[in-house]
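Reader: I would like to go through this structure with you, beginning with the terms. Could you start with the one for how covered a residue is?

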Amino acid sequence: MGILDYVLLAFTHPTEFRALASYSVWHDPKRDITDPKEHVTSGWDREAMRECWGWLDKTSRSFSMVIKELDGDLARVVCIFYLVLRGLDTVEDDMTIPNSIKLPLLKDFYNKLDEPGWNFDGNGPNEKDRGLMVRFQVVIEEFQRLDKSYQEVIRSVCQKMGHGMAQYAALATPEAPVAEVNSIEDYDLYCHYVAGLVGEGLSGLFSASGKERSFIKDQLTLSNHMGLLLQKTNILRDFREDVDEGRGFWPRAIWGKYGFDKMGDLRDESREKEALWALSEMTLDALRHATPALDYLSLLKCQSVFNFVAIPAVMALATLERCFMNPDVLKKNVKIRKGEAIKLMNVAVNPRDVAYCFVSYAKKIHAKVSVHDPNFVKLSIACGKIEQWAEHHYPSFVIISAASGGGASSSVNVEGGDARARLYAQIVEQEKAKAAQRRKDEILENLRSKGLLKPRYAPDGTEITYTEAEKAIIAAQQPNQGIPIKMIIGITGMLLLVFGITAAFLVIGVKYYAVPSLHVPEE
C-alpha cells in the first residue's frame, strides 16, 4: 500500500486505518521462534527446520503468522503438516504434469515421507511452489523428527488426500483436459479431500499435543465443515485465476442451470447477470458450513489454537461478503483490505465475538441480495440461520464488558425492546422473591428450634404457617384484648425512675453547688 492508499483508507474506513496503525506500531508477537529459549520446540537451531520455516513464509503469508503463534511444539508440527500438504497440492495443481506421472505420485506421496532425501523436480517452470518440491528433502528430514503420534496423523491424512486428488485428476481426458466437477455431492467430496481432511488432521494434532481435549480428534463432521468453509471460499474467490490456468472447480450443477456450456463462459461480460446469479449460488453453498464451523470453535479451549482456527474463519466470511454479487470476481482475484484483516485478527479472540463477526457479514450479504435473485429466499434463510445461532448461544441482550483485574462482567439490557430481556428480568425478580422467602422461613425455623418462637396449631393439630398478609388479616379479625397491663407497668416504672434520678441530681446541685448572689454596690 502506498501513502495515498493509507490516506484514502483513513477517510473511507477510519477504524481499519486505526487497527492497521496500531498493529504496525504496537503489535508484539506472542512468541519468537528464533529466540534461543524457543529452540527446543521451534527447531530454529537446526538448518533444515529454519529452511522449513522459510518455505512456510513463501508459500502462505496468511497462515504463516498464526502457525508461528501456536503454543509449544504444535507450531513446528503444524508447519511440517502444512508443507507436506502444500507439496501434495503443488503436484495436483500443476497442469503441465501428465497423468501418467501425476496419478501414481499422488497415490504414493505419503510413502515418500519415509524416503530420506526424496524430492521432485518435475513441476513446470511457472509453478509458483516448484522450489518447495525441489527442496522437499528438508521437509522429510523434519517430518522424521516428529513424535510418532504426530507422524501417524500426518501420514494418514496425506494418504487419503492423495487418493482423493488422484480420483479427481483422473477425470481429465485428452478431449477435456480440464476436469470439471458435476454435482454438488462431487463438489463436497472434492473439497473434503483437499480441505476437510486438513481439518480432521489438525483436530488430530490438537488432541495429540495435549493442547485440546482428546474428543476433539473425533469431531470429524465439524472438522470437515470448517475445512469446507475455507476451501469453498477460496474456490469462489479464485475463479478467474483457476479458469485462466486451466482448472475448473465450480460445480456444473450450479453454473449449468444459468445457460453456460463450460465454466470459462462465465467470463463473458455480455452475460454478467447470469454469471452473478451463479456466484450468488456459490456463496449460498459456502454459507451452509458457517454454523457448524461456529459449533467447532465453541469446543476449543486453548487460546492459540482458537486464534489459529478462528482468524481464517472470520476472514472467510469477510471474503464471501466482499465477493458477493461483485463483478470483479469474474475478472480478477478479490481480497479483503489489509486493514480489515488486521481488525478481524484483533476481534477473533473468543467464540462470542467470532459469532457476531459472522452475523455482521451475514447481514451485509443479505443487504446485497436482490429480490430478482433466484436464490433470494434461500440466501435469506442461510443468513438468518447464522444470526439465529448467535442469538441462541450468545443472546444480544446480554451485555459483556471489561471488568477490573482483566476479567469481564455481564449485564442485561432491559431497555432495548427485546422481549427475552423483559422475561429474563421477571424471572430474576421471581427468583429473588423466592430466595427472600426461603431466607425468612429459615430464620423462623431457627427461632422455633431455639424456643424463641412458639408455633401455632390448627384444631386438627397441624402447624399453621402465616404469611405477613395473612397475619395482618388475622390480627384485624381478632377481638381487641386491650392494652397489656405488664407493658403499662413497665413503661410507668421506667418513667418514674428517670424522673427520680433527675430530681435527685437537681437537689444535690442546688445544695452543694449553689451560686452565690451577686452584690451590686450602690452609687
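Author: Buried means under 20% relative accessible area, exposed over 50%, and partly exposed in between, with a 1.4 Å probe and protein chains only. This is a predicted model, in which local features need pLDDT of at least 70 and side-chain atom pairs count only at pLDDT 80 or more, while totals for chains, interfaces and linings use all residues. Residues are numbered from 1 along each chain as its sequence is written, and side-chain values use heavy atoms, with hydrogens and water left out.

Reader: Is Cys302 buried or exposed?

Author: Cys302 is buried, because its relative accessibility is 9%. Cys383 is buried too, with a relative accessible area of 5%.

Reader: How many disulfides are there?

Author: The count is 0 disulfides, where a disulfide is a pair of cysteine sulfur atoms within 2.5 Å.

Reader: What is the secondary structure of the protein?

Author: The protein has 23 helices and 4 strands. These are DSSP runs numbered from the N terminus: helices are H or I with at least four residues, and strands are E with at least two. Of the 523 residues in the protein, 41% are buried.

Reader: How many residues of H17 are buried?

Author: In H17, 20 of the 21 residues are buried, so this helix is largely enclosed by the rest of the structure.

Reader: What span should helix H17 have?

Author: Helix H17 covers residues 303-323 and should span 30 Å, which agrees with its end C-alpha atoms being 30 Å apart. The expected span is 1.5 Å times one less than the number of residues. Just after H17, Met325 has a positive phi of about 55°.

Reader: Turning to another pair, at what angle do H11 and H12 pack?

Author: Helix H11 (residues 184-209) and helix H12 (residues 220-237) pack at about 125°, and their axes are 7 Å apart. Axes are lines fitted to C-alpha atoms, for helices over the stretch in contact, and angles run from 0 to 180 degrees between N-to-C directions. H11 and H12 are therefore oblique to each other; angles under 35 degrees count as roughly parallel, over 145 as roughly antiparallel, 65 to 115 as roughly perpendicular and the rest as oblique.

Reader: Where does Val198 lie, and which residues does Val198 touch?

Author: Val198 lies in helix H11 and is partly exposed, at 21% relative accessibility. Leaving out residues up to four places away in sequence, Val198 touches Phe81, Leu85 and Met161, contact meaning heavy atoms within 4.5 Å. Cys158 is 40 residues from Val198 in sequence, with 9.0 Å between their C-alpha atoms.
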